[in-house]
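Here's a quick look at a few local spots in one protein chain. Have the structure open and follow along.

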Amino acid sequence: MIRRVIIIKVLLFLTTAVFATAVGWLIYYANTPLQLPHTPLEFSVKQGTSLRSVAKQLTNIGVLDHPWSFIVMARVLGKAGEIKAGNYEFTNNLSPYRLLTKLTRGDVTLREISFIEGWTFSQLRKALNDNPGIRHDSAEFNEKDILEHIGATENSAEGLFFPDTYFFTDGISDLTILKRAYNTMESNLAIAWESRAKDLPFSDSYQALIMASIVEKESGRSTERRMVAGVFINRMKLGIKLQADPTVIYGMGEKFDGNLRKRDLTKDTIYNTYTREGLPPTPIALPGLASIQAVLNPAETKALYFVSRGDGTTYFSDSLEEHNRAVTKYQKSGHHNQGNGD
């Protein structure tokens, strides 16, 4: 009986010693600084990757000496099934425990994509398709399909997405980014519409968006946007054709070779504001917030014409005679300069 008690006590002692040793080892290992091969070090975890695979990948790139210690630590802490997919960046002062916390918390680095003022929807889609961090769910979709998937009610996707820089985690759907940009445009447009000036010639905010896209393409300087908007609005109120070169260029599509000629101005398309009165049927580009605000609160001016001086600034005229003199002075080439003409 005494012998059995002694054996039990020895076993308990050994078990306690082993447990204490294991705990000591775990604490030591978990807090030992890792020697990274270089910093910052990028590491990606794909959706559905197991703890074992992650540990092996970390060993292969020199973050861990061997995978099993990391696996044991994760299992003991109950974190084995909590590794989150994403793109990570590792720097100095990283221990196995901090590494595990980073991976299970999803402390991922954010990618970004920028939509630029004045871009067309085709340019926006190309930027999405060329970004390796985005899942291209809309690759086979046409415009109508995309609009349906993001809940848009418009018939054309042109101009509907707010130009800005959008941050996202690796593997996000392009439709998610499009919906975010669409909602941002709707929100900004609605706020600007509520604070619009009186007596504007727009029946709804979509018409203002169309005009804003024209102002975006016509404005050489941000300080001139309100004046450019004032000219176009004056022309709309008087029933004068807008005669905006960018609308003609947009209607030409891939046929535009960089030079706008007189024959282009007289060839009718639904976007040719030299041959048709009023606004084109859709925006022609992504307007920024400054252009939207300029259109909804334009400068008070009598100007009906403008022409580029060729140095990035614009000359505004109240009369056709004054405008013609300005064109003669500032138009040096034989090709048509962007700006209002007769």
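This is a predicted model: local features need pLDDT of at least 70, side-chain atom pairs count only at pLDDT 80 or more; totals for chains, interfaces and linings use all residues.

## Where two helices cross

Let's start with helix α6 (residues 143-150) and helix α7 (residues 174-194), whose axes come within 9 Å and cross at roughly 75 degrees. Angles from 65 to 115 degrees count as roughly perpendicular, so α6 is roughly perpendicular to α7.

Which residues do the meeting? On the α6 side you'll find I146, H149 and I150, and these meet L175, L178, K179 and Y182 in α7. Sorted by class, the contact of α6 with α7 has five nonpolar residues, plus one polar and one charged.

Next up is D204, in the loop between α7 and α8 (205-218). Its side chain reaches the backbone nitrogen of Q207 at 3.0 Å.

Look back along the chain and there's W193, 11 residues away from D204 in sequence, with 8.6 Å between the two C-alpha atoms. As for solvent, D204 is partly exposed, at 34% relative accessibility.

## T313, between two strands

The last stop is T313, which sits in the loop linking β7 (305-308) to β8 (314-317). Is T313 buried or exposed? With a relative accessible area of 11%, T313 is buried, because the cut-off for buried is under 20%.

Side chain to side chain, T313 makes a polar contact with D311 at 2.5 Å. Setting aside neighbours within four places in sequence, T313 is in contact with R221, E224, V307 and S308.

Terms used: Residues are numbered from 1 along each chain as its sequence is written. Side-chain values use heavy atoms; hydrogens and water are left out. Helices (H or I, at least four residues) and strands (E, at least two) are DSSP runs, numbered from the N terminus. Buried means under 20% relative accessible area, exposed over 50%, partly exposed in between (1.4 Å probe, protein chains only). A polar contact is a pair of N or O atoms within 3.5 Å; within protein, one must be able to donate a hydrogen and the other to accept it, and residues adjacent in sequence count only if both atoms are side-chain atoms. Contact means heavy atoms within 4.5 Å. Axes are lines fitted to C-alpha atoms, for helices over the stretch in contact, and angles run from 0 to 180 degrees between N-to-C directions. Angles under 35 degrees count as roughly parallel, over 145 as roughly antiparallel, 65 to 115 as roughly perpendicular and the rest as oblique. Ala, Val, Leu, Ile, Met, Phe, Trp, Tyr, Cys and Pro count as nonpolar, Asp, Glu, Lys and Arg as charged, and the others, Gly among them, as polar.
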